[in-house]
Amino acid sequence: MIGNRSVAFRFVLCTALLGCPVARAAGADCPDHPDALGTFRTLVVDPRQHPHIGTMQYPETLPLRDHEVVLTFDDGPLPRNSNQVLQTLAEQCVKATFFIIGEQARANPEGVRKLAEAGHTIGTHSQSHPLTFAKMKLEQAQKQIDDGIASTSAALNDPAALAPFFRFPGLLRSDVTENYLASRGIQVWSTDVLADDWHRVSPAKVYDLAIKRLEESGKGILLLHDIQARTAAALPKILHELKARGYHIVHVIPATSQEPATPTDPQDWKMHPPSESVPVARWPKIPNFVYAETDMLAAPALADFDTSDGKLLLSSERFEHVKRHGVPLPSEAPWPRLAAVSTEDMGVMLPVPAQDLFEMPEDANAAFRSPPPRLAHAVESETNARSKRASGVRRHAGHGIARTRQAAHAAPDAAKHQPRASRGGARRQVRVASLKKR
Ligand SMILES: [Zn+2]
């Protein structure tokens, strides 16, 4: 990896200082494949400054420019598929980051060495890939992490070639484990883009998802699996399409004492940093007032703090009350109160009402008096006559209602068009009969 860094460093100089065309630089590093995608630049990162990256889980991601992609491969190495992936990357002259499982490294140490010799970055992915990191005890998590690092280092000729990069299996993170990794200066890599290549999907689907999701995000870390045959099959087309669409591959390596981190601004570590070309709501700042004539402001007089009784702030009584009783002395509100009004002189002041104010016309209460005998008899006769009519109605009321309902059922229109007065009359009669019954 170290030897390859010098090549990458020259390339950074070429692109940053000399403005060399990308295709020429890629061709220069990839003489056998002049049409290769190539590695556009190398990004050197300091894990201690940015301990968690990948917008799927963290606020920060790698400081990539638009249309820059970082390729990552998990779970290897597995000889057949990993070798095919390695071959495709070599043909396109692109550098990636591999997250190795410790047990895979023990089973296939030669595969790990091949990755390192090809100049790829090597991180770790636990010892046995348990999908329980989110609920695992710290001691277990530490052992998984440490054993994974030890197994991968053992496979390398130069253990220093192992980058302090870690990815949780299944991205199943936990705070305590992240804290442990940060304490060791190990950077946690989540991702920005998935291609779902661990599912049982076709290589065409892996390709579709990778390109579609990269187009949506415009840049980012792409997570793939070199142990998957579908990924190995899809990778040539993915890389070809990335070049056709103007994407650039960025190779990421950790900072060392010899190779400092690439200078960046904090906003570069955001997926979409604020830009001058993007409208952003900016609230007006609070103006800075300049007090040019401060000498004109007089110190407040003690009387300015007086209440209406002049005692509130000048007396320690209330503070003493709080000290003794633990509650403040209820204070009187300083605003106006209801004034007490004396009623002693009211009788003298109010005039006596005139007598005629209480007089009423002679027949004003006639309606409340009992009727004369003749009139009472007439009322009784009328009541009896109504009663007889009502009982007749009562005898036929059921039939009448039944008939009405039958008629309404048989000819609803006819019932509807029955004269209103007639229907109202029947109802009144029934009501009278009902009252009489009671
Ligand atoms: Zn994995």
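**View 1. The largest nonpolar core of the predicted model has 65 residues**. Val69, Val70, Ile122 and Leu222 have the most contacts inside this core. Helix H9 (residues 229–244) gives the most to the core, with six residues. A nonpolar core is a set of buried Ala, Val, Leu, Ile, Met, Phe, Trp, Tyr and Cys residues joined through C-beta atoms within 7 Å; buried means 20 or more other C-beta atoms within 10 Å of the residue's own, with C-beta atoms placed from the backbone. Helices are DSSP runs of H or I with at least four residues, numbered from the N terminus. The model is predicted: local features need pLDDT of at least 70 and side-chain atom pairs pLDDT 80 or more, while totals for chains, interfaces and linings use all residues. Residues are numbered from 1 along each chain as its sequence is written.

**View 2. Surroundings of Val69 in the predicted model**. Neighbours within four places in sequence aside, Val69 is in contact (C-beta atoms within 7 Å) with Leu214, Lys219, Gly220, Leu222, Leu242, Tyr247, Ile249 and Val250.

**View 3. Packing of helix H6 (residues 138–155) with helix H7 (residues 175–183)**. The helices pack at an angle of about 45 degrees, with axes 10 Å apart; axes are lines fitted to C-alpha atoms over the stretch in contact, and angles run from 0 to 180 degrees between N-to-C directions. On the H6 side, Leu138, Ala141, Gln142 and Ile145 meet Val176, Thr177, Tyr180 and Leu181 of H7.

Key:
Helices (H or I, at least four residues) and strands (E, at least two) are DSSP runs, numbered from the N terminus. Two residues are in contact if their C-beta atoms, placed from the backbone, lie within 7 Å. A residue is buried if 20 or more other C-beta atoms lie within 10 Å of its own, exposed if 12 or fewer, and partly exposed in between; C-beta atoms are placed from the backbone.
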